[in-house]
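Here are my notes for you to read beside the model. Have the sequence open as you go, and take the points one at a time.

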Amino acid sequence: MGLGRKGARRIVVGGTAYRWRLRRRPTYFQALAWTPCTFAVEQADARGSILVVTTAQPHPSNWFGREAHPVRPSDVAHAIDLALNRGWTPTEPGSPFHLDLSAGFTPSP
């Protein structure tokens with residue numbers, strides 16, 4: 001299953017084009033700030049496995065107004081580089097590759 005084009009942003013890392021997307025509306029657990037924000041990445045011109053990145057911050061649209069910094073393109077580029085070094089092959093079909101960068105996230109009580 002591919003990443004939807006609507007709402008996806010383009011980024012070029014290492015000469016390769018990718019699309020990435022952050023959910024506009026948080027999941028229920030993200031809205032309560034119980035789980036951290038996630039975003040998804042796929043290679044723009046090839047259908048393969050999707051990278052799912054878990055950040056260390058709450059979703060920007062959480063219901064409690066917990067401070068959250070926006071996911072910047074530099075954050076996405078860093079996650080892509082890290083995932084590629086850890087074995088993500090975006091051109092090969094398969095299960096999503098999960099990159100957990102949530103160390104330090106504190107869920108709301």
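This is a predicted model: local features need pLDDT of at least 70, side-chain atom pairs count only at pLDDT 80 or more; totals for chains, interfaces and linings use all residues.

1. Start with tyrosine 28, which sits in helix 1, residues 28–31. Helices here are DSSP runs of H or I with at least four residues, strands are runs of E with at least two, and both are numbered from the N terminus.

2. Residues are numbered from 1 along each chain as its sequence is written, and side-chain values use heavy atoms, with hydrogens and water left out.

3. Now the strands. Strand 1 and strand 2 run antiparallel, joined by five bridges; strands count as paired if DSSP finds at least two bridges between them. Isoleucine 11 stands opposite tyrosine 18 of strand 2. The hairpin these two strands make has two residues between the strands, and glycine 14 there takes a positive phi near 60°.

4. Carry on to strand 3. Five antiparallel bridges pair strand 2 with strand 3, and tryptophan 20 has valine 41 of strand 3 as its bridge partner. Strand 3 also pairs with strand 4, again in the antiparallel sense, over four bridges; there, threonine 38 is partnered by threonine 54 of strand 4. Because five of its six residues are buried, strand 3 is largely enclosed by the rest of the structure. Buried means under 20% relative accessible area, exposed means over 50%, and partly exposed is in between (1.4 Å probe, protein chains only).

5. What about the inside? The largest nonpolar core has 16 residues, and Phe39, Val41, Leu51, Val76 and Ile80 have the most contacts inside it. Strands 1 to 4 and helix 2 (73–85) are the elements that give it two or more residues, with helix 2 supplying the largest share, four residues. Such a core is a set of buried Ala, Val, Leu, Ile, Met, Phe, Trp, Tyr and Cys residues joined through side-chain atoms within 4.5 Å. In soluble globular proteins, nonpolar side chains tend to be buried together.

6. Which residues does isoleucine 80 touch, leaving aside its neighbours within four places in sequence? They are Ile11, Val13, Tyr18, Val41, Leu51 and Trp88, where contact means heavy atoms within 4.5 Å.

7. Last, the charges. There are three salt bridges, each a side-chain nitrogen of Lys or Arg within 4 Å of a carboxyl oxygen of Asp or Glu. Arginine 19 bridges to glutamate 42, with the closest N and O atoms 2.2 Å apart. That pair links distant parts of the chain, strand 2 and strand 3, 23 residues apart. Arginine 19 is buried at 8%, and glutamate 42 is buried at 2%. Glutamate 42 also meets arginine 47 in a salt bridge (3.5 Å, N to O), though arginine 47 is exposed at 54%.
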